[in-house]
Amino acid sequence: MSNPLKTEVIRLYKNLLYLGREYPQGAAYFKQRLKSAFMKHKDVTDPEKIKQLVARGDHVIKELEALYFLRKYRAMKKRYYEPEK
């Protein structure tokens, strides 16, 4: 793996690990799944394939952020608005 791609993969792993702290099924579950996903692709050496995997990881980051935002929105809505009957 070339140096720029290696730093990109490490950045992705750290960002996902940070976002996994608030995962609904628990941080330990998320960390285990994250590690297994990265270990599954540890032998990939093709730069194009690595770029595709990093792009997929960036998409997962966006999905997690949307999940957390939606959870916070629902909590605030529940606090400040009457429940619909």
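**Figure 1. Tyr13, a partly exposed ring residue of the predicted model.** Tyr13 has a relative accessibility of 25% and therefore counts as partly exposed. This view, like those that follow, is taken from a predicted model. Phe38 is likewise classed as partly exposed, at 23% relative accessibility. Three aromatic pairs are found in a search of the whole structure. In the pair formed by Tyr13 and Phe38, the ring centres are 4.9 Å apart and the planes stand at 85 degrees, so the arrangement is edge-to-face. Because Tyr13 belongs to helix α1 (residues 3–19) and Phe38 to helix α2 (residues 27–40), the contact ties together parts that are 25 residues apart in sequence.

**Figure 2. The ring cluster of Tyr23, Tyr29 and Phe30.** Ring pairs join these three residues into a cluster. Tyr23 and Phe30 make a tilted pair, with 5.1 Å from centre to centre and 45 degrees between the planes. Phe30 is buried at 10% relative accessibility, whereas Tyr23, at 24%, counts as partly exposed.

**Figure 3. The largest pocket.** The space in the largest pocket is about 860 Å³. It is lined by 27 residues, of which Leu16, Leu34, Ala37, Phe38 and His41 are the closest to its centre. Helices α1, α2 and α3 each contribute at least two residues to the lining.

**Figure 4. Salt bridge between Arg11 and Asp58.** The closest N and O atoms of Arg11 and Asp58 are 3.3 Å apart. Arg11 sits in helix α1 and Asp58 in helix α3, so that the bridge links distant parts of the chain, 47 residues apart. Both partners are partly exposed: Arg11 has 30% relative accessibility and Asp58 a relative accessible area of 26%. The salt bridge count comes to four.

**Figure 5. Salt bridge between Arg71 and Glu22.** The closest N and O atoms of Arg71 and Glu22 lie 3.4 Å apart. Arg71 is in helix α3 and Glu22 in the loop between α1 and α2, so this pair ties together parts that are 49 residues apart in sequence. Arg71 is partly exposed at 36% relative accessibility, and Glu22 is partly exposed at 36%.

Figure 6. Glu48 and Lys51 form a salt bridge with an N to O distance of 3.9 Å. They are three residues apart in helix α3, and therefore separated by about one helical turn. Lys51 is partly exposed, with a relative accessible area of 46%. Phe69, Leu70 and Tyr73 make up a nonpolar surface patch with about 340 Å² of accessible area together. Leu70, in helix α3 (residues 47–80), is partly exposed at a relative accessible area of 37%.

How values were computed: Residues are numbered from 1 along each chain as its sequence is written. This is a predicted model: local features need pLDDT of at least 70, side-chain atom pairs count only at pLDDT 80 or more; totals for chains, interfaces and linings use all residues. Side-chain values use heavy atoms; hydrogens and water are left out. Rings of Phe, Tyr and Trp (its six-membered ring) pair if their centres lie within 6.5 Å; planes under 30 degrees apart count as stacked, over 60 as edge-to-face and the rest as tilted. Helices (H or I, at least four residues) and strands (E, at least two) are DSSP runs, numbered from the N terminus. Buried means under 20% relative accessible area, exposed over 50%, partly exposed in between (1.4 Å probe, protein chains only). Patches are made of residues with over 30% relative accessible area and no salt bridge: like charges are joined within 9 Å, nonpolar side chains (Val, Leu, Ile, Met, Phe, Trp, Tyr) within 5 Å. Accessible areas come from the Shrake-Rupley method with a 1.4 Å probe; for residues, only the protein chains shown count as cover. A salt bridge is a side-chain nitrogen of Lys or Arg within 4 Å of a carboxyl oxygen of Asp or Glu. On a 1 Å grid over the protein atoms alone, a cavity is a set of points where a 1.4 Å probe fits but cannot get out, and a pocket is an open set with protein on both sides within 12 Å along at least five of seven lines; lining residues have an atom within 4 Å of a point. Grid points are joined across faces, edges and corners, and a volume is the space filled by probe spheres set on the points.
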